[in-house]
Amino acid sequence: MNGLNDLSGLRVFERVVSLGSLTAAAHELGISLAATSKRLANLEKRTGLQLIHRSTRRLSVTSEGATLYQHAQRILQQVSQAEEALLNQQQQLSGSLRITSPNSFGQRVLLPLIGEFTRQYPQIKLQLLLNDQVCDLISDNIDVAIRYGELPDSSLIARRLLPNNRIICAAPAYLQQFGQPNSLAELAQHRCIVIGQHPETEWRFNQAQVHINGHFLCNDGEAGHQLALQGVGIVMKSFRDVATDIQAGRLVQVLPDIACANAPINLVYLRHQDLVPRVKVLVEFLLQATQKMVS
């Protein structure tokens, strides 16, 4: 007997018995009378039992049908409870999210937004990893990552959060001691602060790129910022990170007529995560919140 695997047939049977009419059951279920009759007949065929006596005037339930009706009510109630529990979980958006972000962006932009997000979705538990290292989303179990620049990896979905205009800058004390570079060739000879894993890197500008052999190396953008404020060297930073220091005169833009290549800030996640409700609401929240910053 495999008729009990027929959930739609059980639902039709339960409604027909409860309402005492195929027509009433068809109307409530939103299907045709023919479809109702067919599903009931299929259930009887699959169970090998006659469940309902049908005549032109009335329906009567067989003893086998009465037994099945009691179980069908309980089965369908449990299915309904399971569906409701899943719906409530989606509506409440519970669960955990791991987010990684470069330190400077996390401190200056992401943290205030996360506070508002947790107030709107208190059932979601957040773990925020501020780290200038590029994490592997799969091995590090990351749900959402903030990354700079273009992303060639097609296994990720990338959503543009913000433009990212960068400048090179240094403290007045550094420029007084070592002088102001007047060209990209001179820049390459200066004491540069490189943010990353390797002292040798390329600083990209709209018209060219310059090979930099960093005099100072650090793996944290905020640390590079602080080193520049101390007069240690020249650094490339997002204008958003250093704007206040530029306005206050603590830092000075170097080669202001030569534009650095833009490295837009992206929100990235694995393709299958697009189906996870708590990931979707975080993505949409951050996109809307950052859009207000540039509008």
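Predicted model: local features only at pLDDT ≥ 70, side-chain atom pairs only at ≥ 80, totals over all residues.

Reader: How is the packing of two helices described?

Author: Two packed helices are described by the angle between their axes and the distance between the axes. Helices here are DSSP runs of H or I with at least four residues, strands are runs of E with at least two, and both are numbered from the N terminus. Axes are lines fitted to C-alpha atoms, for helices over the stretch in contact, with angles from 0 to 180 degrees between N-to-C directions. In this model the axes of helix 5 and helix 8 come within 6 Å and cross at roughly 90 degrees. Helix 5 and helix 8 are therefore roughly perpendicular to each other (under 35 degrees counts as roughly parallel, over 145 as roughly antiparallel, 65 to 115 as roughly perpendicular, and the rest as oblique).

Reader: Which residues make the contact of helix 5 with helix 8, and how do they divide by class?

Author: Contact means heavy atoms within 4.5 Å. Helix 5 contributes Asn103, Ser104 and Arg108, and helix 8 contributes Gly221, Glu222 and His225. By class there are no nonpolar, four polar and two charged residues in this contact. The classes are as follows: Ala, Val, Leu, Ile, Met, Phe, Trp, Tyr, Cys and Pro are nonpolar, Asp, Glu, Lys and Arg are charged, and the others, Gly among them, are polar.

Reader: Which residues of helix 9 are buried, and what covers them?

Author: Buried means under 20% relative accessible area, exposed over 50%, and partly exposed in between, with a 1.4 Å probe and protein chains only. In helix 9, residues 239–248, the buried residues are Asp241, Val242, Ala243 and Asp245. Their cover includes helix 5 (103–120), strand 7 (166–170), helix 8 (221–229) and strand 12 (234–238). After helix 9 comes glycine 249, with a positive phi near 85 degrees.

Reader: Is glutamate 14 buried or exposed, and what does it touch?

Author: Glutamate 14 is found in helix 1, residues 7–19, and counts as buried because its relative accessibility is 9%. Leaving aside residues up to four places away in sequence, glutamate 14 touches Tyr69, Ala72, Gln73 and Leu76. Leucine 7 also belongs to helix 1, but at 32% relative accessibility leucine 7 counts as partly exposed. With the same exclusion of residues up to four places away, leucine 7 touches Ile75, Leu76 and Val79. The C-alpha atoms of leucine 7 and isoleucine 75 are separated by 9.1 Å, although these residues are 68 residues apart along the chain.

Reader: What is phi in asparagine 141, and what is it in leucine 255?

Author: Asparagine 141 is not a glycine, yet has a positive phi of about 55 degrees. Its place is in the loop between strand 4 (124–130) and strand 5, and at 52% relative accessibility asparagine 141 counts as exposed. Leucine 255, also a residue other than glycine, has a positive phi near 50 degrees. Leucine 255 lies in the loop between strand 13 (252–254) and strand 14 (265–270), and is buried, with a relative accessible area of 8%.

Reader: How many residues line the largest pocket, and how many cavities of 30 Å³ or more does the structure hold?

Author: On a 1 Å grid over the protein atoms alone, a cavity is a set of points where a 1.4 Å probe fits but cannot get out; a pocket is an open set with protein on both sides within 12 Å along at least five of seven lines; lining residues have an atom within 4 Å of a point. Grid points are joined across faces, edges and corners, and a volume is the space filled by probe spheres set on the points. The largest pocket holds about 1100 Å³ of space. Its lining has 37 residues, of which Asp132, Tyr148, Arg166, Ile195 and Gly196 lie nearest the centre. By class this lining has 15 nonpolar, 15 polar and seven charged residues. The structure holds one cavity of 30 Å³ or more. Ser104, Phe105, Tyr148, Asn164, Ser238, Arg240, Asp241 and Ile265 line the largest cavity.

How values were computed
Residues numbered from 1 in each chain as written. Heavy atoms only, no water.
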